[in-house]
Amino acid sequence: MPNYTLESSTVETLDGVNLMTRIFKPKQVKDNMVIVLVHQYSIMGGCQALMKGMASGLADKGYAAVTFDMRGVGQSTGKPSLTGFAEVADVVAVCNWVSQNLSPNKILLVGSSAGAPIAGSAVDQIEHIIGYVSLGYPFCMMASILFGRHHKAILQSPKPKLFVMGTEDGFTSVKQLDNKLKSAAGHNETRLIEGAGHFEMEGPAFDAEMVKCILEFIASL
């Protein structure tokens, strides 16, 4: 028996897009923090179902977790954008909904792969977001063609940040990550997953490891 209940809701963005959202509510709440998880690149098959393992793992540990399909994914309305800037409004809408309906005084924002730059652009738009976790942020030159304009927002944010990356990530090398974080504001942590590739780390085999990284970061806040 899982230690959480699962609920569904629809969140409307300011531009009228309806986002299908799932809420993983722990039966025994450890903290009133809510963790909002942002899925991978919509155009390449990213969807909230890929975040279920982490969301359920966090709820099992006593933390409410929220996943959602960004615009144009699953039953969410609208169309996905190439650069992810329209999807920033989706993240903001879900975080505002969480603040209004789940009554947390703190939100932790977690983004996976392309969801990391999208989430990063929303971090300072919501007062109740107290920290940010990136799982495989695509900092490389190729990905920067699409997501490069998101970098500035998260690197200049004073909020605490954790960057988790596999040492065999094909999009970002360890050196590239280190160089980017040299200019980052605020408190920044890195966690390297030895031998893990970019897409490998997104798979269910690494869900427990990702949950562990997130929980350890929460403990440091």
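Trainee: Which strands and which helix do the buried residues of H1 pack against?

Mentor: The model is a predicted one, and that should be kept in mind throughout. Within helix H1, which spans residues 52-60, Met54, Ala55, Ser56, Gly57, Leu58 and Ala59 are buried. These buried residues pack against strands S1 (4-12), S2 (18-26), S3 (34-38), S4 (64-68) and S6 (129-135), and against helix H8 (207-220).

Trainee: How many nonpolar residues does the contact of H1 with H8 have?

Mentor: On the H1 side the contact is made by Gly53, Met54, Gly57 and Leu58, and on the H8 side by Asp207, Met210, Val211, Ile214 and Leu215. Since Gly counts among the polar residues and Asp among the charged ones, the contact of H1 with H8 has one charged residue, two polar residues and, as the number you asked for, six nonpolar residues.

Trainee: Where is Ser113, the residue other than glycine with a positive phi near 55°?

Mentor: Ser113 has a phi near 55°, a positive value in a residue other than glycine. Its relative accessible area is 9%, so Ser113 is buried. Its place is the loop between strand S5 (107-112) and helix H3 (115-120).

Trainee: Which residues touch the most other members of the largest nonpolar core?

Mentor: The largest nonpolar core has 38 residues, and helix H2 (residues 85-101) gives the most to this core, with eight residues. Apart from it lies another core, of 28 residues, among them Phe24, Ile35, Ala55 and Phe217. Within the largest core, the residues that touch the most other members are Val36 and Leu109.

Trainee: What is the relative accessible area of Leu19?

Mentor: Leu19 sits in strand S2 and, leaving aside its neighbours within four places in sequence, is in contact with residues including Ser9, Val11, Phe68, Met70, Asp90 and Val94. Leu19 is buried, because its relative accessible area is 0%.

Trainee: How many Å apart in space are Ala196 and Gly166, C-alpha to C-alpha?

Mentor: Ala196 is in the loop between strand S8 (188-193) and helix H7 (198-202), where it is buried, with a relative accessible area of 0%. Not counting residues up to four places away in sequence, Ala196 touches Gly166, Thr167, Glu168, Asp169, Met201 and Phe206. Although Ala196 and Gly166 are 30 residues apart in sequence, their C-alpha to C-alpha separation in space is 4.4 Å.

Note on methods:
Residues numbered from 1 in each chain as written. Predicted model: local features only at pLDDT ≥ 70, side-chain atom pairs only at ≥ 80, totals over all residues. Heavy atoms only, no water. Buried < 20%, exposed > 50% of the residue type's maximum accessible area, 1.4 Å probe, protein only. Helix = DSSP H or I, 4+ residues; strand = E, 2+ residues; numbered from the N terminus. Contact = heavy atoms within 4.5 Å. Core = buried A, V, L, I, M, F, W, Y, C linked by side-chain atoms within 4.5 Å.
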